Each structure stands twice: as C-alpha cells, then as structure tokens.
Amino acid sequence: MEYIITTEQLTKKYKNFVSVNNVSIHIRKGSIYGFLGPNGAGKSTTMKMLLGLTAPTKGSFTINGRHFPEDRLAILREIGSFIESPSFYANLTGRENLDIIRRILGLPGDSVDDALKLVGLEEFGNRLAKKYSLGMKQRLGLAGALLGRPPILILDEPTNGLDPSGIHEIRNLVKSLPDLYDCTIMISSHMLSEIELMADDIGILNHGRLLFEGSLDDLWNNAQQLGKANKASEANKVSEANLEDVFLAMVEQDNAARKQRAEL
C-alpha cells in the first residue's frame, strides 16, 4: 500500500502540556483522510507540524517520499493548505488576494480563475475581501489552497461558517478532487456527518493520542467487536450507529480510562 503522508511518533510539547503525543498516521495516496477529535485534541497542531508552521518536539514525518526538515521547501511546494480561519488583505479583491499567493508560488495567471471557479466564487472575484461574508471568506481560503491544483491538500475546518447549501457544495467539491486531478486530502471537521460522506479513512485523536486509524469499514468492525464484548443491547446500538455515535463512544471510553488512571 502506497502512503503519501506518514508520521512516526510525532509529538509536540508546550512546557508541561503535551498537545500531540506519539502520533503515527498513514495517509494513502489518492484518498480522503478524515482527521477527527474534540476541541483541543491536537488536530490543528498536527497539521501545523506537517506544514512546518511549528516544529515537532520529537518524532518525524515523510510527505511524498520527502523528509522533514531537510526537504521542507520541496514538501511545501506540493501542499495546498487551509488552517483555521484564513486571513486576507481587506482592501484588496478576492482575485487580488489570490494573485499575491499565485505570484509567490510562481504559478500561471489562469490559476486564479481556475481556483475561483472551483469554489464557486468566479462572479465575486472582483469584490473587496472586507465585503465577503464569513462563508465567502472560507471559500476564498479554500481557493487559495487549490491554486495550481497541488497533489496534497491539508484542510482544517473548510466548511466553517457555510450555510447548508454551501456545505453541500464544498463537500461535493472535496469528494471530486481526488478523481479530478489525482490529489490526496487530509481534512478535519466537527461535522462528523460530512466526514462520513467524504472520507475513505479516519484518524481519531483525543488528548493528543491517536485512538483509531483505518477505513470506515474498519471502524464499523471495531465498533461491532466492542459492542459484542458488552451486553446484547449495546451490540444492537452499535450496529445502528453512525460515525458520530462511534466517535463519541470512543472518546468517552478514553476519557473514562484517563480519569481512572489519574485516580490510581
């Protein structure tokens, strides 16, 4: 199996707080990898380490056969990213904001129009960024990540602030991208129903630790085994569960185990 992103015992500490704790993930080439976890679980920190925005305390990672930190610039040339809330020059148009990124990356002029069209902003490209709604700013941030159609996308909460129609459009866009231009996507979201509809594989973080990694089928099988280990009524609940149910059950179980260890 070909992995395009792998991490080995990736760890990030801030003084006495461990944000990411020995995380080893494996993202298949051409897949959509849903990266899940409660607030503060370490998702954004992990993504920032992959982008070189913060240095790991220990551990290593490889992206498309290149190693960090020695191949940092080569890695970044192949990644389009959207981390937390995007920032723009308020007094420039959406098109002008994207053109700044395009020039930095040395991309052709038509890449801006291509990105605006992909996210449905082509008719608003000449509007000032300060007049964009929150949802339009999210789309513009996604357009920035899509400039030049990079082979790897790292997207942190790309549907934040979008209305149901916008969420539907972005979900369909994200689902189409691997086939559209053979890219690999790592995406985080608190909207678990959307991840369930998009993702091929899932990684679940809690308190900086990776609780689960595998395909959705692997997750359902894991949940079934968990249910069978309990009473029959619990097994029936698991058999009817969705991603949100299984996610919450895993996180609650881990939190209970952590609390028990702390009391010992």
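**Helix packing and aromatic pairs**

1. Helix 3 (residues 94-105) and helix 4 (residues 110-118) pack at an angle of about 125°, with their axes 9 Å apart. The model is predicted, so local features need pLDDT of at least 70 and side-chain atom pairs count only at pLDDT 80 or more, while totals for chains, interfaces and linings use all residues. Residues are numbered from 1 along each chain as its sequence is written, and side-chain values use heavy atoms, with hydrogens and water left out.

2. Helix 3 and helix 4 are therefore oblique to each other, the class left over once angles under 35 degrees count as roughly parallel, over 145 as roughly antiparallel and 65 to 115 as roughly perpendicular.

3. On the side of helix 3 the contact (heavy atoms within 4.5 Å) is made by R95, L98, D99 and R102, and on the side of helix 4 by S111, V112, D113 and L116. By residue class, this contact of helix 3 with helix 4 comprises 3 nonpolar, 1 polar and 4 charged residues.

4. The count of aromatic pairs, for which ring centres of Phe, Tyr or Trp (its six-membered ring) must lie within 6.5 Å, comes to 2. Y33 and F35 form a tilted pair, at 6.2 Å centre to centre and with 45° between the planes, where planes under 30 degrees apart count as stacked, over 60 as edge-to-face and the rest as tilted.

5. F61 and F68 form a stacked pair, 4.7 Å centre to centre with 20° between the planes. Both F61 and F68 are buried, that is, under 20% relative accessible area (1.4 Å probe, protein chains only).

Notes. Axes fitted to C-alpha atoms, helices over the stretch in contact; angles between N-to-C directions. Helix = DSSP H or I, 4+ residues; strand = E, 2+ residues; numbered from the N terminus. Nonpolar A, V, L, I, M, F, W, Y, C, P; charged D, E, K, R; others polar. Buried < 20%, exposed > 50% of the residue type's maximum accessible area, 1.4 Å probe, protein only.
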